[in-house]
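Thanks for coming. I will keep this brief. Please have a look at the model first.

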Amino acid sequence: MDSLVNYLLVSSILFSLGLYGVVTRRNGVAVLMSIELILNAANINFLAFARFGGMNMTGHVYALFVIVLAAAEAAVALAIIINIFNNFNTINIDDVSELKQ
Amino acid sequence: MSDIAFWVIVGITVGSSFMVVQSKSLLYSAYALLFTFIGVTGLYIFLWADFLAVVQVVVYVGGILVLIIFGIMLTNKITSVNISHTSMQKSMGAVVVIAFMGLLGYMILSTPWLVLSNAEPSDTTSAIGRLLLMDYLLPFEAVSLLLLGALIGATTLSRKDT
């Protein structure tokens, strides 16, 4: 358990699952959840390299920034999705290919 | 003992993230995402990141997940049972993603990582705070401005009529 490779493998699995969700899901909210998975995978990598690279705190600071950006992104993306739902009555992102109705 | 705990946490994380991308119901996906976040928090604790673990719970579980569930509830009429939710090109996506995962795994296993030995710190909060207010003061302020902008933008976007 105490090895860098384990964490990197878990993180790569999480990243790949998130990527799978982004390319296959057709629902805006589901795509957003998959993006959160990808961001978490990146964070695990930051912290794993910090822990096994001499406990360098810079990785922690960058992970903190990633969490902040994820929060901002989720808020704005959900506002956009709710607007799309109000205008088009669907959140299937394949149906939303026009800037106005 | 801690070996078992680590692998249980890894199992929870990977299994529930698989549920997130695979589940038929969007609400089940959101609940599975909760367990993914909890599992990732456990991994953070194994990585000696106590402050980040607490932030993960507070921001992701307390903030982002609640927002996502709000989004699901607001974009589906309560009367309609079937939550509009389909996956497309599953097999093609799976092939591409499994190939990508194999590539990543090969890269990880074949790279000779340089691992530095170090002792477990007593706490990480003071070091993070020192870095944030000294070396990373400008990014810190920029991020606070960005959060303010995102807050105002999200409120403006989701108003009914301007």
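**Chain A, then its partner**

A compact globule of 101 residues would have a radius of gyration near 13 Å, whereas chain A comes out at 17 Å. That radius is taken over C-alpha atoms, and the globule rule is 2.2 Å times the number of residues to the power 0.38. Along its principal axes, the C-alpha trace of chain A spans about 55 × 25 × 15 Å.

A word on conventions. This is a predicted model, where local features need pLDDT of at least 70 and side-chain atom pairs count only at pLDDT 80 or more, while totals for chains, interfaces and linings use all residues. Residues are numbered from 1 along each chain as its sequence is written, and chains are lettered from A and ligands numbered from 1 in the order in which they are written.

What is chain A built from? Three helices and zero strands. Helices (H or I, at least four residues) and strands (E, at least two) are DSSP runs, numbered from the N terminus.

Take helix α3 of chain A, residues 58–88. Its 31 residues should span 45 Å at 1.5 Å a residue, and its end C-alpha atoms are 44 Å apart, which agrees. The expected span is 1.5 Å times one less than the number of residues. After α3(A) comes Asn89(A), with a positive phi near 65°.

How much of chain A is buried? 52% of its 101 residues. Buried means that 20 or more other C-beta atoms, placed from the backbone, lie within 10 Å of the residue's own.

Now the interface. 61 residues of chain A are in contact with 70 residues of chain B. Contact means C-beta atoms, placed from the backbone, within 7 Å. On the chain B side, α3(B) gives the most, with eleven residues. That side divides into 48 nonpolar, 20 polar and two charged residues. Here Ala, Val, Leu, Ile, Met, Phe, Trp, Tyr, Cys and Pro count as nonpolar, Asp, Glu, Lys and Arg as charged, and the others, Gly among them, as polar.

Last, inside chain B. α2(B) and α3(B) pack at about 175°, with axes 9 Å apart. Axes are lines fitted to C-alpha atoms, for helices over the stretch in contact, and angles run from 0 to 180 degrees between N-to-C directions. The two helices are therefore roughly antiparallel (angles over 145 degrees). The residues of this contact include Leu26(B) and Phe37(B) from α2(B), and Tyr60(B) and Ile72(B) from α3(B). They divide into 18 nonpolar, two polar and one charged.

Technical notes:
Buried ≥ 20, exposed ≤ 12 C-beta atoms within 10 Å, placed from the backbone. Contact = placed C-beta atoms within 7 Å. Parallel < 35°, antiparallel > 145°, perpendicular 65-115°, else oblique.
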